[in-house]
Amino acid sequence: MEKVILYYAFTPLPDPAAIRLWQRTLAASLGLRGRILLSEHGINGTLGGEMTALKRYIRETREYPGFKGMEFKWSAGSAADYPKLSVKVRPEIVTFGVPDEVMVDENGIVGGGVHLSPQEVHELVEEKPEAVFFDGRNAYESEVGRFKGAIRPEVSRTEEFVAELDSGRYDHLKQTPVITYCTGGIRCEVLSSLMVSRGFEEVYQLDGGIAKYGEAYGDKGLWEGSLYVFDQRGTIAIGEDPARLAVCRDCGEPTSEVGDCSDPSCLRQFPLHRGCTAGCEEHAAAG
Ligand SMILES: [Zn+2]
Ligand SMILES: [Zn+2]
């Protein structure tokens, strides 16, 4: 039985190159494929393979003190979903372009948001109806699914968030309870700390991301639409019959799918049915 695991931990890694060698040898010896990013701030990984091999990987990885309490999320998939095993050291494990602004200690990111479980999010919204959701993903992701009433920044890459926050566009929220959310929780870890350090006074973050919220409430709670995922599945349903919130760039009909620009050299994505084709703003003629 093959599966995929997703995991991350913000913890000080004084020698990420040494961790890389260990992790590479471990994952390769177990026949796992996928991607592991390491930095001085921690680890961010997605691996596919045999369930017994993945369990062995988890046990051995947790032997390292900084990874002891790390949560591993199980998901459908297999080693075949990934072209190879890639283990790299980068300045950041999630690229906001601010490696020197993020501080990490044994407890994770220093000065981040308050973690809330899906249930605690519901309690907070009940207690503080003025609270707003803040989407920590790219605009093409939030187009097909989001929390009701969420603020959706117009960013197409995570690196654009810093300029977006510094633009002053969200300064009116500095005294408002803000709940950040993203796919699995890692992007909000950094985003929340960037908001706190910019004077947002009450910042929360959805623990485990939309993935965990979807398991708890589907689309019967505060979420509507589908979830964009970074693999061949494209988008996955949250709940049994999620609302199709986006409009296909080609045919103009509602869709929950996201597709690529028709220009082969272009990496932009937008709402698009599987059978439809279109170009982005820049490559509109190509569609
Ligand atoms: Zn279409
Ligand atoms: Zn394009």
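The domain assignment, which comes from an automatic or database source, divides the protein chain into domain 1 (2–93), domain 2 (105–226) and domain 3 (244–287). The C-alpha centres of domain 1 and domain 3 are 33 Å apart.

This is a predicted model, in which local features need pLDDT of at least 70 and side-chain atom pairs count only at pLDDT 80 or more, while totals for chains, interfaces and linings use all residues. Residues are numbered from 1 along each chain as its sequence is written, and side-chain values use heavy atoms, without hydrogens and water.

A search of the whole structure finds 13 salt bridges, each a side-chain nitrogen of Lys or Arg within 4 Å of a carboxyl oxygen of Asp or Glu.

| Pair | N to O distance |
|---|---|
| Glu160 and Arg157 | 3.9 Å |
| Lys220 and Asp219 | 3.6 Å |
| Arg268 and Glu282 | 3.1 Å |

Arg268 is in the loop between strand 17 (258–260) and strand 18 (269–271) and Glu282 in the segment after strand 18, so this pair ties together parts 14 residues apart in sequence. Helices (H or I, at least four residues) and strands (E, at least two) are DSSP runs, numbered from the N terminus.

Buried means under 20% relative accessible area, exposed over 50%, and partly exposed in between, with a 1.4 Å probe and protein chains only. Arg268 is therefore partly exposed at 39%, and Glu282 is exposed at 58%. Lys220 is exposed at 73% relative accessibility. Leu30, in the loop between helix 1 (16–29) and strand 2 (33–39), is buried at 18%.

Glu101, Asp166 and Arg198 are linked in a network of salt bridges.

Technical notes:
Chains lettered and ligands numbered in written order.
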